[in-house]
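Open the model in your viewer and keep the selection panel at hand. This tour goes stop by stop.

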4 protein chains.
Amino acid sequence: MSFTPALNETLARQAIELPSWAFGNAGTRFKVFSTPGTPRTIQEKLADAAQVNRLTGLAPSVALHIPWDLVDDYGALAAYAQDLGVRLGTVNSNTFQDDDYKLGSLTHVDPRIRRKAIDHHFACIDVMDATGSRDLKIWLPDGTNYPGQGDIRGRQDRLADSLQQIYARLGEHQRLVLEYKIFEPYFYTMDVPDWGTSYAHVTALGERAMVCLDTGHHAPSTNIEFIVAQLLRLGRLGSFDFNSRFYADDDLIVGAADPFQLFRIIAEVVRGGGLEAGSPVAFMLDQCHNIEDKIPGQIRSVLNVQEMTARALLIDQAALRAAQDAGDVLGANAIYMDAFYTDVRPALADWREDRGLPRDPVAAYAASGYAERIAADRVGGTQAGWGA
Amino acid sequence: MSFTPALNETLARQAIELPSWAFGNAGTRFKVFSTPGTPRTIQEKLADAAQVNRLTGLAPSVALHIPWDLVDDYGALAAYAQDLGVRLGTVNSNTFQDDDYKLGSLTHVDPRIRRKAIDHHFACIDVMDATGSRDLKIWLPDGTNYPGQGDIRGRQDRLADSLQQIYARLGEHQRLVLEYKIFEPYFYTMDVPDWGTSYAHVTALGERAMVCLDTGHHAPSTNIEFIVAQLLRLGRLGSFDFNSRFYADDDLIVGAADPFQLFRIIAEVVRGGGLEAGSPVAFMLDQCHNIEDKIPGQIRSVLNVQEMTARALLIDQAALRAAQDAGDVLGANAIYMDAFYTDVRPALADWREDRGLPRDPVAAYAASGYAERIAADRVGGTQAGWGA
Amino acid sequence: MSFTPALNETLARQAIELPSWAFGNAGTRFKVFSTPGTPRTIQEKLADAAQVNRLTGLAPSVALHIPWDLVDDYGALAAYAQDLGVRLGTVNSNTFQDDDYKLGSLTHVDPRIRRKAIDHHFACIDVMDATGSRDLKIWLPDGTNYPGQGDIRGRQDRLADSLQQIYARLGEHQRLVLEYKIFEPYFYTMDVPDWGTSYAHVTALGERAMVCLDTGHHAPSTNIEFIVAQLLRLGRLGSFDFNSRFYADDDLIVGAADPFQLFRIIAEVVRGGGLEAGSPVAFMLDQCHNIEDKIPGQIRSVLNVQEMTARALLIDQAALRAAQDAGDVLGANAIYMDAFYTDVRPALADWREDRGLPRDPVAAYAASGYAERIAADRVGGTQAGWGA
Amino acid sequence: MSFTPALNETLARQAIELPSWAFGNAGTRFKVFSTPGTPRTIQEKLADAAQVNRLTGLAPSVALHIPWDLVDDYGALAAYAQDLGVRLGTVNSNTFQDDDYKLGSLTHVDPRIRRKAIDHHFACIDVMDATGSRDLKIWLPDGTNYPGQGDIRGRQDRLADSLQQIYARLGEHQRLVLEYKIFEPYFYTMDVPDWGTSYAHVTALGERAMVCLDTGHHAPSTNIEFIVAQLLRLGRLGSFDFNSRFYADDDLIVGAADPFQLFRIIAEVVRGGGLEAGSPVAFMLDQCHNIEDKIPGQIRSVLNVQEMTARALLIDQAALRAAQDAGDVLGANAIYMDAFYTDVRPALADWREDRGLPRDPVAAYAASGYAERIAADRVGGTQAGWGA
């Protein structure tokens, strides 16, 4: 099997943003295991991310997390990234690690704390101005743990006001992307628990406000590809945070838990035009590598997205539509599954070779000696992590 | 404990619509058990519903299901209901039992079948015109069982068009209420699976389109009271279908599975003004009585809603707000729980006695001999059921 | 890619029992759609099942459901099956459709009804004696809908006694296989809800009592392959009921919802010796074809099991063990995934051709004219179904 | 309402063990918030726990967590506790925070690490010998994150061997209590994920091996009271870890999320004899107080257990049995619910007053000045926490 020129073109356009924090240590509330070579600085994170891009050609940009990735000079950081062959991408705000935010940030009942949280987002926009980033991504960690603890309605109203202030501060080429999550770090309510809430807020804000869909942030048995299709239809799918899960927000390697779900999601992206030139949909990873090596974990992840994209692009759309229109349940399903079961890996190895990339990026990374080098070099200092 | 006048006034306003189909036989795909005395006609269903209202004062109206409750003369039926002390309420459409709808109704790819489904809703509006019903409730049973079987996006587009046609046909005092459900009778996609989808459609339709929230139609661990609060805030909560569940759409007696959840839901209704005079929120039951007696099952259900309403109205809102504003997590929760744990049953018995109702409606029903009478009278004919 | 002789040998041994009821109509509590050509008798069901076997070589036996498949002369039925190239397999008891069983069967508090349920199983054993079937499969539909309705503990004790009586009646070459299910048709408790309960009962019975694992009968997010591994380790995995699900007991075509889960399950079967000669594990389907054609649905199902078996057999066990022993998380996972992503379909087509089977059984069925023939022939009578 | 002497006697026997770690800081992977006054030492934890017991009379013992609560002299620690009016209880092992245990402990493929984990349990037994503790509680945090990463079966076999060695080391009055958990800290498999696995292991060990049921460790929609009833029936319910959850292992205050579930659980404990004198069932809390005050959080928790116990003891068992035996579904449920809806709080305040305890322990704690005192006193040092 070889790919058509159109398929190759789509693959060539594919870009998957890496999260800077994926290269730091991560874990559970029980334990964060550390590994030799883990970055101490954003510069070292960028260097690691650049390895992923160098070997796969798929990851040209890196998302920042403020304040984890605070530096004095973002212009210099952007230049540093450029030298490594990557660029700075989405700016992620963080309102979950300051003691003030224990009971909320953009929703907090105390005007002082809410002001502080809004100002933090203004600071993030300042970073975006310096880096040229398009997207401000807000994953709002606010919520409550006990019934009665907070006023659900009042928190929504304050959230709407806070978002309005932040949105008003954006430049005209910048976007606000609002992520939702069903639970964690709070266990009774989250203030943006589902796509409906995110959608209601972003439509109230304006055209440059979009929804971010993290594949691990739903209730069990939620049909995620339906949400993808719906948000694309409504013109509000701004970005993906890819990862995978068996239970909760497990943040495993994308495609690791349910490859067929990833296929279905990307099939809806294709169907809704999300891979076409000029699509507003940004693709990112948001994962933890609690026990596996981080750089190969990211390599595996972007390859998984690419492989599943190739499979989704192989769906015989004309035949599928014909079977759907004929009410041929088994026939339509068979056409769909045929694409999923096709082994695209050899053709993708060819695709890489054609572009001067290693046929097997995982093996190439192992052979590169990079892991040994950073383990030897990065001694002392404090390894990056979530700082919980 | 006795109730304040304001609380009494709210209780006096409370009305819970009964579903005509609750008096017919229901069951699972494995078995529908029948019981002596089960109604054969809509008239007999109305008579049973009237018993519930006579003993509780809580259930002044009865929802119809078309075509299950088709009659030739709805004016006569309305008069019949009036003689029994109840009135005809919401009209529910049904597009799940005609062979044509195997692969969809309002979303069907075949224009003929989609036309038929739209026309069915026109017929329902005709019934509404005859009965004076305000609400057309659409629970859309459409969906697919296998990935690839249908085009998710195309089905949404056709749905939007179908709803537009139906909405346009409504009279100016009539409303369209769109229910959502995560799964069943289809097991891969449902075309209106979540509140976000329902909300997106009803906002596209216009001001008289609202969302119906069935408490059993969510993914496991969904925070339903959050959705209640959000829809009230957005002005789109049209009605409730009350029931309860441990697993899926179990359709058990409301309050039977998780009484505290029912409390939390009604607390948000109170918070959002849903029990105030002129509120747009309609309260209905939608349950099955697979193994328990149907009329006492309905009596138990409306009493459960009333009891939980009384508890929710007992929340000391000023103290709660003060604790919330002070960040007193345990204190706020304690105020909330105090209302839940208060035993309102004696005060409600008093409330009923004051209104000439039996203190114990369940016992009064048992003593009435009604069950024995209908068992003796309703011999022959075909007992009402879902006709699956 | 071609298969090794050992792999071919395992594939040659594979046999997947078909459920007679899969050829009858099935549906949800909302609607059972019928199709032309649906069998009216067990003989016609056997004829349909024989088509599946003729085209795939995978389905040499057919499970019976008593009383749905009651006949006067099981010897004659067995001969009839043999003429069709299949044999009669597992006998499934049914205690969910008699009015007496509304509140329980083997657990019922009324000795008369419990006696009746036990006697029904004796009758099933009589059928087994006549057919030469090895397995009596008990899916116990007993449970309760409301807290307090039944005494959970007392029901267990009665169940243990009932099972003891049934087990004592078995011949020495017969087995009792006890299935578990988390919910449905009851919605608060099921009397055998999980593998632990089934395991506790079968170990109390004796060595010829085993657990049946239906892949659709678990709570959301349950790791089913872990249970498979554990039951194999404990020597108590008697049989599988294969199907698939997105939400509840959806009973979709096996492998349709989560192909990777099916792979993981079969990988544990392989690991635990379940595909070796003399293995006690029986493989069966238990599915509904609510909207798709039944015979091709069964063909698709057995092919899915076979394809996934081939993939599982391709796991490089030595390399996997080495990676596991080395603590190479990503390496071990990659070896595992490599087998899953391998496209075994061409090699399986060769495998079929070598055995005189059609390369594409689905296409062969479509070309055979069988569907048209039965649609024309089977006119009149009552189509088989669940009789709910 | 007042309690019968028998009920009072059962209440007087009730003892709920507190976890030492509940008084330290806890949080999520995102953030651990600290509070003034948090203990730095096990002695300070004991002092806090003693406050709970002093005000409620319900919490006479404190569970230790090794190595968090390591001291040089356990005899001295036991005496210290005794002076505070409490005693040292269950010893909990911890194999999740040593770097060696990244890929397993009692199941580890490396004999050295497995030996180390077994030896850790021997050290725990040494502590038990010194403190006179009866129970060694093993929550095994082992598991894997990726399919193929580990050999599920091999891990079980190693676990069985490890447990055998530990069990053999126990004194004749000591017990091994094996906890299960569906997920976290691993996200694909856990090596003891469900009660069935725990049950299979403890029955293989011997009579002094029991199952520990943590109420937050199940799949969504699991019927926990069924497991309680079953384990009591099988004689293997050793202990409870009480807490509550909306989503995952939220570790919220017991009774906070689903009070009716707590009622149902305790009702099964009562039914199965778990509150009788000499019962083998130990009651403990295992909670986190991420955002609420810790000591009042524990006070609230033991009161919740006591209140629900009182309600469960109020079930009219004779009437319930009669209704169950009569097949009166609604009647039996009503008897059950009547107990749940009874407001036992005034009678429990009387009960406390009769025993010289404050009528309102929460208010008494607030008035005691203890919180202010420890906040002022406990300055410097390192606050206790999980040390993730």
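A crossing of two helices is left-handed if the near helix is turned anticlockwise from the far one by less than a right angle, and right-handed if clockwise. This is a predicted model, in which local features need pLDDT of at least 70, side-chain atom pairs count only at pLDDT 80 or more, and totals for chains, interfaces and linings use all residues. Residues are numbered from 1 along each chain as its sequence is written, chains are lettered from A and ligands numbered from 1 in the order in which they are written, and side-chain values use heavy atoms, with hydrogens and water left out.

**Stop 1: a helix pair between chains**

Select α7 (residues 224-234) of chain A and α5 (residues 152-169) of chain B. Helices (H or I, at least four residues) and strands (E, at least two) are DSSP runs, numbered from the N terminus. The two helices pack at about 55 degrees, their axes 9 Å apart. Axes are lines fitted to C-alpha atoms, for helices over the stretch in contact, and angles run from 0 to 180 degrees between N-to-C directions. α7(A) and α5(B) are therefore oblique to each other (under 35 degrees is roughly parallel, over 145 roughly antiparallel, 65 to 115 roughly perpendicular, the rest oblique). Their crossing is right-handed.

**Stop 2: a helix pair within chain D**

Which helix packs with α5 (residues 152-169) of chain D? Select α6 (residues 195-205) of chain D: the angle is about 45 degrees and the axes lie 10 Å apart. That makes α5(D) oblique to α6(D). The crossing is right-handed here. Look for D:Leu159 and D:Tyr167 in α5(D), and D:His201 and D:Leu205 in α6(D), among the residues that meet.

**Stop 3: the barrel of chain A**

Color the strands of chain A. A closed barrel of 8 strands runs β1-β2-β3-β4-β6-β8-β9-β10, with parallel pairing (two strands pair if DSSP finds at least two bridges between them). From one strand to the next, the twist averages 30 degrees. Zoom in on β6 (175-179) and β8 (209-214) of chain A, joined by 4 bridges. A:Glu179 has A:Cys212 in β8(A) as its bridge partner.

Helix α4 lies across β2, β3, β4 and β6 of chain A, at about 150 degrees to β4(A).

How values were computed:
Contact = heavy atoms within 4.5 Å.
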